[in-house]
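The sequence and structure are shown first.

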Amino acid sequence: SYPILASPHYHQSHDVLETINHKLVTEVAKMSTASVMLLASSPSRVQGLEASQVSGGQGIQVTWEPALETDVTEYLVAFGPEDDPQRNVQRTDGTALMITDGLPEVVSVKAVNDRGMEGWDWARIRLR
């Protein structure tokens, strides 16, 4: 929690500089800055995720738009049932994948850059 809000002095008459835990505020500021830097350095959310059943019911063709970032080298594709949507995970360097391992209920995709940093959010599609 935010350290100032957790203080028993917050918005009280004794809410003065001397009652603030400055070390805790400093550590929270460092953590917040690091989190923002991580998000800014990670690939953005994949766009245009689509899935279609291949004729004959032999699998699902999943496609998506290429990542906006030029340093993306691969994509993680996760799929599975609603209660375990990341049961299966495959890596691909393209923007399409054929899933032949049954008919998943959920398919998710996220980008991975050349430093191994994964996107912070999965693009998801529900098939059922």
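The description rests on a predicted model.

**Pairing around β2**

On one side, β2 pairs with strand β1, which spans residues 50-53, in the antiparallel sense over four bridges. Within this pairing, Glu50 has Thr63 of β2 as its bridge partner. The two strands β1 and β2 form a hairpin with six residues between them. In the turn of that hairpin, Gly56 has a positive phi of about 90°.

Strand β2 also pairs with β5 (residues 96-99), again in the antiparallel sense and over four bridges. Here Gln61 has Met98 in β5 as its bridge partner.

**The four-stranded sheet**

An open sheet of four strands runs in the order β4-β3-β6-β7, and its pairing is antiparallel. Strands β4 (88-92) and β7 (123-126) stand at the edges; each has a single partner strand, so one side of each is left without a neighbour in the sheet. From one strand to the next, the twist averages 20°. Inside this order, β3 and β6 pair in the antiparallel sense over eight bridges, and Phe79 stands opposite Val107 in β6.

Ser108 also belongs to strand β6, which covers residues 106-113. Apart from neighbours within four places in sequence, the contacts of Ser108 are Leu76, Val77, Ala78, Trp122, Ala123 and Arg124. Is Ser108 buried or exposed? Its relative accessible area is 1%, under the 20% cut-off, and Ser108 is therefore buried.

**The aromatic pair**

A pair of aromatic rings is described by the distance of the centres and the angle of the planes. A search of the whole structure finds one aromatic pair. It consists of Trp64 and Tyr75, whose ring centres are 5.4 Å apart and whose planes meet at 65°, so the arrangement is edge-to-face. Because Trp64 lies in the loop between β2 (60-63) and β3 (72-80) while Tyr75 lies in strand β3, the pair ties together parts that are eleven residues apart in sequence.

Residues up to four places away in sequence aside, Trp64 touches Val46, Gln47, Gly48, Leu49, Tyr75, Val77, Thr92, Gly94, Thr95, Ala96, Leu97 and Val109. For one of these residues, Ala96, the C-alpha atom is separated from that of Trp64 by 6.5 Å, although the two residues are 32 residues apart along the chain.

**Accessibility of selected residues**

The table lists the relative accessible area of residues discussed in this report, together with His11.

| Residue | Relative accessible area | Class |
|---|---|---|
| Ser108 | 1% | buried |
| Trp64 | 5% | buried |
| Tyr75 | 5% | buried |
| His11 | 63% | exposed |

His11, in contrast, counts as exposed because its relative accessibility of 63% is over 50%. His11 is placed in the segment before α1 (22-41).

Conventions: Residues are numbered from 1 along each chain as its sequence is written. This is a predicted model: local features need pLDDT of at least 70, side-chain atom pairs count only at pLDDT 80 or more; totals for chains, interfaces and linings use all residues. Side-chain values use heavy atoms; hydrogens and water are left out. Buried means under 20% relative accessible area, exposed over 50%, partly exposed in between (1.4 Å probe, protein chains only). Contact means heavy atoms within 4.5 Å. Rings of Phe, Tyr and Trp (its six-membered ring) pair if their centres lie within 6.5 Å; planes under 30 degrees apart count as stacked, over 60 as edge-to-face and the rest as tilted. Two strands pair if DSSP finds at least two bridges between them. Axes are lines fitted to C-alpha atoms, for helices over the stretch in contact, and angles run from 0 to 180 degrees between N-to-C directions.
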